[in-house]
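Work through the exercises below with the sequence and the model side by side. Try each task before you read its solution.

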Amino acid sequence: MTRRTPPRPLDVEQLFPEVAPLRREAVRLHPRAGSPTYGDSSVGGPLLWPQEEPWPVCPEHHGSAMVPVVQIHAADTLSLVPFPAGCDLLQVLWCPRSHDGCWVLPEVRWRDAAAVTNIREAPAVPTADVYGHVPRPCVVHPELVAEYPSWDLPDELWDTLESRFEQVEAETGWDYHYHLSTAPGTKLGGYPGWSQEPQWPDCSVCGERMAHLLTVESWEADAESRRTWTPVEDQAVRYEATGLMLGDAGGVYLFECRGCPGRPVKERYDCA
């Protein structure tokens, strides 16, 4: 089943033309509890992992296997994410146990799906210290949406627009941050789903600002964002999503440098 996010209730670029140059596209994944297979794009589902390749383990917790978080085929990124040459599958795992200063410890793999002929089963999930960090198996429903920056809006532009944001909210009831700007939930590309001040990392190799690859959030939307970001198919419907609880209903954000060999990755976290 597809998922269709309703159009924004107001014309953002007409009301706030200053944000039009900052428009970005994102792919909302809309994970819903299900039974994905090894060959499917999924959140928390089984990974297409080669038998001959060791399963990654946490470098900080001896013997603690990393758990599947996201598997996405290139076709399901809707041409938004540039894949490395010869690769058409993105896999993200993390160690779900607590680390010093970190919620999870992630790892990113790119691979050629057709090259995987014999599949390695994932090890058992650690049983200690993992509450809210292991997603339940979910099928995904990728959807391309347009976003505008909220927390990533430059300070000087926020100062220019703040009074107009407040006026529009007073007149219409729609808040720029919650209802009009950045799509909530687990997604590829676009703007990170920050709950607090942005923490964009720079590449440790070249020093350039890294690109946002993936946001993994505790839920698809909070009570306020749900008013405009709930897909048409899910309105007035109860559903099970990932079951994650990252920090205090926060998110994990992955960034990559697409200009350096190996595409270095960094992560950031914040709480609602």
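**Exercise 1.** State the strand order of the open sheet of 6 strands, and find its edges.

*Solution.* Strands are DSSP runs of E with at least two residues, numbered from the N terminus. Two strands pair if DSSP finds at least two bridges between them. The order is β2-β7-β3-β4-β5-β6, with antiparallel pairing. β2 (32-33) and β6 (105-111) each have a single partner strand, so one side of each lacks a neighbour in the sheet.

This is a predicted model: local features need pLDDT of at least 70, side-chain atom pairs count only at pLDDT 80 or more, and totals for chains, interfaces and linings use all residues. Residues are numbered from 1 along each chain as its sequence is written, and side-chain values use heavy atoms, leaving out hydrogens and water.

**Exercise 2.** Follow the pairings of β4 (residues 67-73), then step on to β6.

*Solution.* Start with β3 (residues 42-43): 2 bridges link it to β4, antiparallel. Here Val43 has Val70 as its bridge partner. Next, β4 joins β5 through 6 bridges, again antiparallel. Val67 stands opposite Trp94 in β5. Last, β5 (residues 89-95) meets β6 over 7 antiparallel bridges. Leu90 has Trp110 in β6 as its bridge partner.

How values were computed. Helices (H or I, at least four residues) and strands (E, at least two) are DSSP runs, numbered from the N terminus. Buried means under 20% relative accessible area, exposed over 50%, partly exposed in between (1.4 Å probe, protein chains only).
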